[in-house]
Amino acid sequence: MNLSDIINSIYRMPATSTNKLVSCSSRVEYPKGHLVLKAGQTEPDIFFIGTGIARAYILHDSKEITFWIGKEGASIVSLKSYVNDRAGYENMELMEPSVLYRLKRNDVFRLFQEDIHIANWGRKFAETEFLRTEERLIPLLFTTASERYEILLRDNPDLLQRMPLECLASYLGVTPVTLSRIRAKMK
C-alpha cells in the first residue's frame with residue numbers, strides 16, 4: 001500500500017492535505033527481525049506498514065507475549081511515546097522484510113495547527129486506534145481460545161502463513177500446545 005491510500009483509508013481528505021502529510025513522510029525499508037520500537041526507549045514517530053507484517057510484544061517471565069499484530073495499512077506507534085514523550089513498554093518487531101512510512105510527530109503536530117483537514121485526520125486516526133484496541137481486548141474477556149482462533153481464521157487467515165505459530169498462540173492467549181490441539185480438533 002502506498003501512504004496516500006493508507007491515509008485516506010483512515011479519513012479521506014482533499015488531495016492538497018493528503019499531499020502535505022505525505023510530503024513530510026519518509027519511506028524506510030527494514031529486514032525481518034528489525035525492532036522498530038524497543039521497550040524502555042522513546043519513539044514518538046508514527047510508522048505505517050506499506051508492505052510486511054509486525055507484532056508488538058512484551059517480555060514477561062522471560063517469555064515474549066504478543067499482544068498486537070499488524071499488516072499492510074496498520075500503524076506502528078507507541079502511544080506512550082507519541083502522546084507523553086515517554087519511554088514505551090513494548091517491542092515492535094517486523095516479521096517480514098518491510099516497507100514502512102515514517103511520520104515525525106513534530107511535523108504531524110505542526111500540520112494539525114495549519115490544516116483543519118489534517119487535524120480531523122489526526123482525530124479520526126486516534127479514534128480508529130482506540131476502536132481497534134477495544135475490539136481486540138473486549139473479546140478476550142468472554143470468548144474461548146477456540147472462538148478466538150476461529151475469528152482469526154475468519155478475519156486474517158493469511159496470518160497462519162505469515163506468522164510463527166508460537167507468536168499466534170501468544171496473541172490468542174494460549175500455549176503453542178493448546179493451539180496445536182485447537183487446530184487438530186478443527187480439522
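**Close-up 1. The salt bridge between arginine 154 and aspartate 155.** In this predicted model, arginine 154 and aspartate 155 pair through their side chains in a salt bridge with an N to O distance of 2.8 Å, a salt bridge being a side-chain nitrogen of Lys or Arg within 4 Å of a carboxyl oxygen of Asp or Glu. Arginine 154 is exposed at 60% relative accessible area, whereas aspartate 155 is partly exposed at 43% (buried means under 20% relative accessible area, exposed over 50% and partly exposed in between, with a 1.4 Å probe and protein chains only). Local features of the predicted model need pLDDT of at least 70 and side-chain atom pairs count only at pLDDT 80 or more, while totals for chains, interfaces and linings use all residues. Residues are numbered from 1 along each chain as its sequence is written, and side-chain values use heavy atoms, with hydrogens and water left out.

**Close-up 2. The salt bridge between glutamate 64 and arginine 55.** The closest N and O atoms of this salt bridge, formed by glutamate 64 with arginine 55, lie 2.4 Å apart. Arginine 55 is buried, with 3% relative accessibility, whereas glutamate 64 is partly exposed at 39%.

**Close-up 3. The salt bridge between arginine 110 and glutamate 114.** Arginine 110, which is partly exposed at 38% relative accessibility, meets glutamate 114 in a salt bridge at 3.4 Å, N to O. The two residues are four apart in helix 4 (residues 105-114), and therefore about one helical turn separates them; helices are DSSP runs of H or I with at least four residues, numbered from the N terminus.

**Close-up 4. A network of salt bridges.** Lys71, Glu72, Glu96, Asp158 and Arg162 are joined by salt bridges into a network. The whole structure contains 18 salt bridges.
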